[in-house]
Amino acid sequence: MAGFLFAFLGMFIAGIGARDQLLVAGLAARRGQRPAALLVAVGCAALPAAIAVAGAGLVVPPLAGNARLLLAALALGLAGAEMLVARRSVAPREPTDSLGAFALVLFAQQLTDGSRFLLFAIAVATDAAIPAGLGGALGAAGVVAAGWIGAHELARRNLVPLRRTLGALLFAVATVLAWRATDFV
């Protein structure tokens, strides 16, 4: 249950102002809040979450406690680093109405963002891949749904300082976890 809750909250908080949320918000602001776009975005949120926890499920069994903690710290550090280099997203000049193209771009963005690294770290640290995957998928779906709902407001806001602050916090937590995992404390 802890893996589910940590993953849900972590994905939701780490997804604030992320590229996927801003892409959904930008599309909804330009083309209107089409339910089909929301369904595609929510569907796309599940696949990268499943890939992240499947990867965690593959690497966790042979690892001992400190090695698991160090791997989780490395993934958390990558999540923080990705959020630290956040920059303001620019909406495409000629957006397409193709939901397939939208899904492909959204999937690529979600696969490589800090939230999925955070989900991987949670799944490794808790050794609860399935609950973490479910929580992560629901959190990611909530993030894109919030982008769809608050499209016009998100399109006007600059959330880069918030993302960088969250990234710095994740990086600090990753540093402490790595320090503990290496038995320097």
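A nonpolar core is a set of buried Ala, Val, Leu, Ile, Met, Phe, Trp, Tyr and Cys residues joined through side-chain atoms within 4.5 Å. Buried means under 20% relative accessible area, exposed means over 50%, and partly exposed lies in between (1.4 Å probe, protein chains only).

This is a predicted model, in which local features need pLDDT of at least 70 and side-chain atom pairs count only at pLDDT 80 or more, while totals for chains, interfaces and linings use all residues. Residues are numbered from 1 along each chain as its sequence is written, and side-chain values use heavy atoms, with hydrogens and water left out.

Start with the fold. The protein chain has nine helices and zero strands. Helices (H or I, at least four residues) and strands (E, at least two) are DSSP runs, numbered from the N terminus. In sequence order the pattern is α-α-α-α-α-α-α-α-α.

Next, the overall dimensions. The C-alpha trace spans about 55 × 30 × 25 Å along its principal axes. The radius of gyration of the protein chain is 16 Å, which agrees with the value near 16 Å for a compact globule of 185 residues. That radius is taken over C-alpha atoms, and the globule rule is 2.2 Å times the number of residues to the power 0.38.

Now look inside. Of the 185 residues, 43% count as buried. The largest nonpolar core holds 27 residues, and Leu76, Leu118, Leu119, Val124, Ala132 and Leu170 touch the most other members. Two or more residues of this core come from each of α1 (2-14), α3 (35-59), α4 (65-84), α6 (114-126), α7 (129-149) and α9 (160-181). Helix α6 gives the most, with seven residues. A second, separate core has 19 residues, among them Leu27, Ala37, Leu38 and Ala41.

Contact means heavy atoms within 4.5 Å. Neighbours within four places in sequence aside, Ala132 contacts Gly3, Phe4, Ala7, Val53, Leu119, Ile122 and Ala123. Across the protein chain, residues 24 or more positions apart make up 93% of the contacts with a separation of 6 or more.

Which helix holds Arg163? Arg163 sits in helix α9. Arg163 counts as buried because its relative accessibility is 4%. Leaving out residues up to four places away in sequence, Arg163 touches Ala14, Gly15, Ile16, Gly17, Ala18, Glu82, Met83 and Ala86.

Finally, the surface. The accessible surface of the protein chain is about 9,400 Å², and 72% of it belongs to carbon and sulfur atoms. Accessible areas come from the Shrake-Rupley method with a 1.4 Å probe; for residues, only the protein chains shown count as cover.
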